[in-house]
Structure formats: C-alpha cells, structure tokens
Amino acid sequence: MTEVDQQYLEKIKDEHMALGRKISRFRRLVESRATPEELQNALIDLKAELAEHFELEEEGGYFSDAVEVAPRLKGQVDRLLAEHTELLDIVGELLVQSETCQDDDEAWKKFHAHAIDFVKRQAGHERAENSMVQEAYERDIGDKD
Ligand SMILES: [Fe+2]
Ligand SMILES: [Fe+2]
C-alpha cells in the first residue's frame, strides 16, 4: 500500500464496529417503541458520532487513497461520499419526527418505517465501504507481487 496507513484503516474498522453497536441499540429502542426522549437522545448521540466518523473518512484519505490505488473505484467512492450527506440528513429528519412520533399510531408508523430504513441504509453503507477497501487494497496489493 501504498501510502495508506494500516493503523488508520484499523481505526476505521473499529469505528464501524462501534457504530454498528450504536445503530443496533437505536434499532432496539425503535423496536420497543421507546419514549421520544430516549429516541432523541440516541439520535443526537448517533448524529454526532456519524458526523465525526464521516469526517475521519473524508479527510483522512480513506476514499481519496482508495481511488489513487484503484481508479476504477471512483464511481463507487463518489456514491459513498454522497451517502454521507444523505445519511446525516436522514438523522436530522428523524430527530424532527421523533418529537411527535408518539402522538398517534400513524405518526409512529411513519417514524418507525423511516428509522428502520435508516438503519438498513447505514449498515449497507458501511458494508459497501468495507468491501471497497478490501477491493482497493487487498486485491491491488496482491496484484503487485
Ligand atoms: Fe462512510
Ligand atoms: Fe464508514
């Protein structure tokens, strides 16, 4: 590799695991129809953590280095970057929705569907990143020998 720091990649991997646990906790709160306050606290926490994680990926070279090593991944990388904005927007929407999510069954249904959709998209995003990194580094390293 190229110049990507193995430690940095490990850190991202660890963050993916930690984020995965937070997302699972949030999902459990949603499944158990927690109070708006509990949901809001979890979402505020999640939003801060996600923003920090995305920043680490965007500024630390996670994507730019991958494209440098494997230019064929550019389209995929651009999509993943665009998803950062989308995912943060969704958390913002969920935060707003959470204030009234227990008002009636209709509001709850809407919030629940949106929240579960977010959980799935977030998991898909991290999965795609993990395989992008694998594809960029492991294969290209292998190719070089
Ligand atoms: Fe990401
Ligand atoms: Fe990530």
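Two residues are in contact if their C-beta atoms, placed from the backbone, lie within 7 Å, and among contacts in the protein chain between residues at least 6 apart in sequence, 73% join residues at least 24 apart. This is a predicted model, in which local features need pLDDT of at least 70 and side-chain atom pairs count only at pLDDT 80 or more, whereas totals for chains, interfaces and linings use all residues. Residues are numbered from 1 along each chain as its sequence is written, while chains are lettered from A and ligands numbered from 1 in the order in which they are written.

Read along the sequence, the pattern is α-α-α-α-α, where helices (H or I, at least four residues) and strands (E, at least two) are DSSP runs numbered from the N terminus. The C-alpha trace spans about 60 × 25 × 20 Å along its principal axes.

Within α1, the residues I23, F26 and V30 are buried.

**Helix α2 and its cover.** Running from residue 36 to residue 60, α2 has 25 residues and reaches 35 Å from its first C-alpha to its last, close to the 36 Å expected. Its buried residues are L39, A42, L43, L46 and L50, and what covers them includes α1 (6-31) and α4 (74-98). Leaving aside neighbours within four places in sequence, L46 is in contact with K22, F26 and V91. Following α2 is G61, whose phi is positive, near 95 degrees.

**The packing of α3 against α4.** Helix α3 (residues 62-69) packs with α4 at an angle of about 170 degrees, their axes lying 9 Å apart (axes are lines fitted to C-alpha atoms, for helices over the stretch in contact, and angles run from 0 to 180 degrees between N-to-C directions). That makes α3 roughly antiparallel to α4, a term for angles over 145 degrees. F63, A66 and V67 of α3 meet K74, V77, L80 and L81 of α4; the residues of this contact divide into six nonpolar, no polar and one charged (Ala, Val, Leu, Ile, Met, Phe, Trp, Tyr, Cys and Pro count as nonpolar, Asp, Glu, Lys and Arg as charged, and the others, Gly among them, as polar).

**The largest nonpolar core, with 14 residues.** F26, A42, L43, L46, V91, L94 and A115 touch the most other members of this core, a nonpolar core being a set of buried Ala, Val, Leu, Ile, Met, Phe, Trp, Tyr and Cys residues joined through C-beta atoms within 7 Å. The helices α1, α2, α4 and α5 (105-144) each supply at least two residues of the core, and the largest share, five residues, comes from α2. A second, separate core of eight residues includes Y62, L80, V133 and A136.

Key. The expected span of a helix is 1.5 Å times one less than its number of residues. A residue is buried if 20 or more other C-beta atoms lie within 10 Å of its own, exposed if 12 or fewer, and partly exposed in between; C-beta atoms are placed from the backbone. Angles under 35 degrees count as roughly parallel, over 145 as roughly antiparallel, 65 to 115 as roughly perpendicular and the rest as oblique.
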